[in-house]
Amino acid sequence: MQVTAGAGKNTSNIIKELIDGDLSSVRKKRMAEGKRYYLGEHDILNKDFRKSYITSTDGGYDGEETEKTELFVNPNRSNERIANQFHRILIDQKAAYIAGREPTVSVKGAEKDGSAKAYETALTDFADEKFNDVILSAVKGAGNKGFETIHVYYGADGNLNYCIVPAEEVIPIYDTEYQEELKELIRYYSITVLKDGRQCLRKRVEWWTKEDVTYYEETEENIYIRDISRSINPSPHFWQVTSLNGLEQRRTPHSWGRVPFIILKNNDEMTTDLQKIKGLIDAYDLISSQGTNDLLDLVALYWVIQGYGGETANSIARKLQLNRAVNVIGSDGGKISAEQVDIPVTGRLEWLKMLRRDIFNFGMGIDVDSDRFGNAPSGVSLKFQYTLLDLKANAVAAKLKRAVKELLWYVTEDINRKNGTSYDSGLIEVGLNKTMITNDMETVQILTQSKGLISDKTIIARHPFVDDVNEELKELEAQEKKEQEKWEENMTARGGEAVER
């Protein structure tokens, strides 16, 4: 309501309230949490094992007992804190599984239509290593934050470009009815400015609509005003520059007709992958850290000394250390005995094992340290190990295909504008090539037997030795062309007539 009607507020107040509300939102807190744990900055690192609280009971003046809690600090206590990075393993595992290999980009009818083939070639040329790297980063970001954002723009060289804009800098605004169409988007970030010889932070804001973008900057009084450094503000999405002999003749404003940001959701609820397993990871960190500190502080033997009022425990312990013996004098029967400390290691290890199993089960990943993983090399058994990971990946797979097709829509518009073509992005097909451990011999045998039943492109995409399907198809096409030319040369040399095969 504030965005559409203003609710009687000026633009500065609207921006300030939107940003303040976004920064304090549960979603942004979850984002920060997911990023922290991915970087290994777990909550366990804030715990001090040298500190503990001791509760004592005192008798009050009226005879009633009262409990008192005091902080006790033991500087000699070990304070090792271990962050077990299960979250990072699960995120990287999912990202590599679904986007480790470049997606297959094709155009319907390219096998028979030369124009469609040229369109497909242009798209596959665009889908290079950077393309796959951005897709991989987007999947990781979505897993850590609930969603990630890809921004499409024109660079200074006039070429179409794209990059990841961190989701924590973004406020997406959807249609109010279905929450599907991205109507507007606010991006905000902080920059460092110099004021009176000292550095301070100021926010920059970009308010994107389907037609233009308005730039704002924060003043010293925390008021948002339009960025006066930009001569045209609001600005179009991009300018089409007409030049003659290297000199600019005309600049024509253009807009995409849609907000040039692509939102990749991790799932329908836009929850992070950490939320389901954070408690389990924290428990694992606590138990493993506590166990490590107990082992580091473990004394093999401790001495019980009785009946030696004349000597201190330290002096007696020193004699025991040097002489391995001590004189027992006196009729009161002085006594020294050694006791051994036992730490319940077995029970702790079993508890950690259970937590680890639950982390991978609820995190829907593959524990490669499991005894079961390497015991069954057959294809069916290996696929069974990937069941949970596959289910989790499928939740984002459809959304990833949609995001890739949306990115290629911008590419298509760019090609049509520059080349005068009329390619239809609705003909684009995107295939994800999942990465998993397989029995290569079994896979190749199945693919060989499938020749003629499924397309050659599908066979190549599933082949264990192929990483880039689009490049492999180009190599095969060049190889067939070379073989055709060689065959024609041989026929000509023999005096025969070369015919098309």
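The N-terminal end of helix α6 is capped by aspartate 128, one of whose side-chain oxygens lies 3.3 Å from the backbone nitrogen of lysine 130. The model under discussion is a predicted one. Helix α6 comprises residues 129–145, and its 17 residues should span 24 Å at 1.5 Å a residue; the end C-alpha atoms are 24 Å apart, so expectation and model agree. Among the buried residues of α6 are Phe131, Val134, Ile135, Ala138 and Val139, together with Asn132 and, towards the end of the helix, Gly143, Asn144 and Lys145. Just after α6, glycine 146 adopts a positive phi of about 100 degrees.

In total, the structure holds 26 salt bridges.

Two of these contacts illustrate pairing within a helix. An α-helix has 3.6 residues a turn, so residues three or four places apart point the same way. In helix α3 (residues 26–38), glutamate 33 and arginine 30 are three residues apart and therefore separated by about one helical turn. Their side chains meet in a salt bridge, at 3.6 Å from N to O. Glutamate 33 is buried, because its relative accessible area of 18% falls under the 20% cut-off. Arginine 30, by contrast, is partly exposed, with a relative accessible area of 34%.

The second case lies in helix α11 (residues 387–419), where aspartate 414 and lysine 418 are four residues apart, about one turn of the helix. They form a salt bridge whose closest N and O atoms are 3.4 Å apart. Aspartate 414 counts as buried at 10% relative accessibility, whereas lysine 418 is partly exposed at 46%.

A further salt bridge joins lysine 94 to aspartate 273, with the closest N and O atoms 2.8 Å apart. This pair links distant parts of the chain, 179 residues apart: lysine 94 belongs to helix α4 (residues 86–99), and aspartate 273 to the loop between β14 (261–265) and α7 (278–296). Lysine 94 and aspartate 273 are both buried.

Strand pairing also brings separate segments together. Strand β3 (residues 104–107) pairs with β17 in the antiparallel sense, over four bridges. Within this pairing, valine 105 stands opposite valine 430 of β17. Strand β17 itself, residues 428–431, has two faces: Ile428 and Val430 make up the covered one, while Glu429 and Gly431 make up the uncovered one.

Note on methods
Residues are numbered from 1 along each chain as its sequence is written. This is a predicted model: local features need pLDDT of at least 70, side-chain atom pairs count only at pLDDT 80 or more; totals for chains, interfaces and linings use all residues. Side-chain values use heavy atoms; hydrogens and water are left out. Buried means under 20% relative accessible area, exposed over 50%, partly exposed in between (1.4 Å probe, protein chains only). Two strands pair if DSSP finds at least two bridges between them. The expected span of a helix is 1.5 Å times one less than its number of residues. A polar contact is a pair of N or O atoms within 3.5 Å; within protein, one must be able to donate a hydrogen and the other to accept it, and residues adjacent in sequence count only if both atoms are side-chain atoms. A salt bridge is a side-chain nitrogen of Lys or Arg within 4 Å of a carboxyl oxygen of Asp or Glu.
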